[in-house]
Amino acid sequence: MTDQVIDVTGLRRVYGGGFEAVRGVSFGVGRGELFALLGTNGAGKTSTMELLEGLAAPAGGRVRVLGHDPYTERSAVRPRIGVMLQEGGFPAELTVAETVRMWAGCTSGARPPAEALEIVGLGKRAGVRVKQLSGGEKRRLDLAMALIGRPEVLFLDEPTTGLDAEGRRETWELVRALRDDGTTVLLTTHYLEEAEELADRLAILHEGRIAAEGSVADVVAAQPSHVSFDLPEGYFVGDLPPLAALGVSGHEIAGRRVRLRTHELQRAATGLLLWARDARVELGALDVRAASLEEAFLRIARDSEQAGTEDERAGTKEMAV
Ligand SMILES: Nc1ncnc2c1ncn2[C@@H]1O[C@H](COP(=O)(O)OP(=O)(O)OP(=O)(O)O)[C@@H](O)[C@H]1O
């Protein structure tokens, strides 16, 4: 049996005005795994994360973190998790060292404050007031606080927002090292590259629902690759070899520009290039593009929007439970 550290089933969150931000989300995270929640603005990442952190009670469904309900059994869960919120909001007048010391004082089994600051690269900034830190340094301080209690499970809500490229890479290395030490990590991010770099598995949230889930490779493999080119003068799509025989599953034409979709990129590209060679023509602005997480992400957002429009047209309406 896998050691399921986070177990979420049919989770729902409804805000005061009746808006349903999380609409039946289910996933699991095993011990030592790094799971990323991706999604567009407003997809429901933070709303989901807060339910897992025990900051609010769900409107429906079930959450277990380390085998406990994080809301009703907060005292059993809180000492074993570390939470990095989107905004830390620490007192501006305290120094970095004072802030960490204060937090360590409220945490059982805390790391020495200096160690926590070293881990996140703020050792040299210990004497600086929080208000004098840069945005990126504040994010690192948030991370130091999340790490202070040596958590088994780390929740990171957009941990690298506001960091420059180097700071982002450093944070990735740190998060990877924590995962390699056995910490289970759940993180939200807007950065697809961050999920590609770090995630063992990920879920793409869209409008409160999981639209895709799996390893990066699984999610990408479900998406088509593309071959685009300009048709040579005097040629039409009908002059190309039969597209189905090239493993092409669909195509679009805009003027002379042709875009082919395929799950067999090598076959499609080879067939097309052999045809061009034999016909002695050049395929203008040829672009051969393997499926990527970015494509998957954009396509999911687009498809869900289309499905939503079709639902509205059909007059279907979701019933509040
Ligand atoms: N306190 C609240 N009251 C009402 N609606 C809220 C509240 N907090 C969030 N929402 C709405 O719930 C939806 C999901 O918000 P949430 O912050 O969870 O998304 P997110 O995926 O984390 O977005 P972002 O990437 O922008 O942080 C949004 O439409 C948001 O406007």
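The model is predicted: local features need pLDDT of at least 70, side-chain atom pairs count only at pLDDT 80 or more, and totals for chains, interfaces and linings use all residues. Residues are numbered from 1 along each chain as its sequence is written. The protein splits into domain 1 (4-220) and domain 2 (224-290), with bounds from an automatic or database domain assignment.

**Overall build**

- The C-alpha centres of domain 1 and domain 2 are 44 Å apart.
- Along the principal axes, the C-alpha atoms fill a box of roughly 75 × 50 × 40 Å.
- The protein has ten helices and 13 strands. These are DSSP runs numbered from the N terminus: helices are H or I with at least four residues, strands are E with at least two.
- Of the 321 residues, 36% are buried. Buried means that 20 or more other C-beta atoms lie within 10 Å of the residue's own; exposed means 12 or fewer, and partly exposed is in between, with C-beta atoms placed from the backbone.
- Among contacts with a separation of 6 or more, 69% join residues 24 or more positions apart. A contact needs C-beta atoms, placed from the backbone, within 7 Å.

**Record annotation**

- The unreviewed UniProt entry carries the annotation "domain: ABC transporter" over residues 6-232. UniProt positions are given in the numbering used here, feature names are shortened, and annotations may be inferred rather than shown by experiment.
- That stretch, residues 6-232, is 31% helix and 29% strand, and its end C-alpha atoms are 55 Å apart.

- The ligand has 13 residues around it, and Y15, A21, K45, T46 and S47 come nearest. A residue counts as near if its C-beta atom, placed from the backbone, lies within 6 Å.
- The shell holds four nonpolar, eight polar and one charged residues. Ala, Val, Leu, Ile, Met, Phe, Trp, Tyr, Cys and Pro count as nonpolar, Asp, Glu, Lys and Arg as charged, and the others, Gly among them, as polar.
- Helix α1 (residues 45-52) gives the most to this shell, with three residues.
- Seven of the eight residues of α1 are buried; K45, S47 and L51 are among them.
- G54 follows α1 and has a positive phi, near 80 degrees.

**Nonpolar cores**

- The largest nonpolar core has 65 residues, and A144, F155 and L202 touch the most other members. Helix α5 (residues 135-147) supplies the largest share of this core, six residues.
- A core is a set of buried Ala, Val, Leu, Ile, Met, Phe, Trp, Tyr and Cys residues joined through C-beta atoms within 7 Å.
- Beyond its neighbours within four places in sequence, L202 is in contact with F35, A36, L38, A195, V216 and V219.
- A second, separate core of eight residues includes V227, L246, V258 and A268.

- L133 sits in the loop between α4 (113-119) and α5. L133 is partly exposed because it has 19 C-beta neighbours inside 10 Å.
- Leaving out residues up to four places away, L133 touches R125, V128, K138 and L141.
- Most residues other than glycine have a negative phi.
- L66 is not a glycine, yet its phi is positive, about 55 degrees. L66 lies in the loop between β4 (60-65) and α2 (74-77).
- R280 is not a glycine either, and has a positive phi of about 55 degrees. R280 is in the loop between α9 (265-279) and β13 (284-289).
- R280 counts as exposed because it has 7 C-beta neighbours inside 10 Å.

Technical notes
Contact = placed C-beta atoms within 7 Å.
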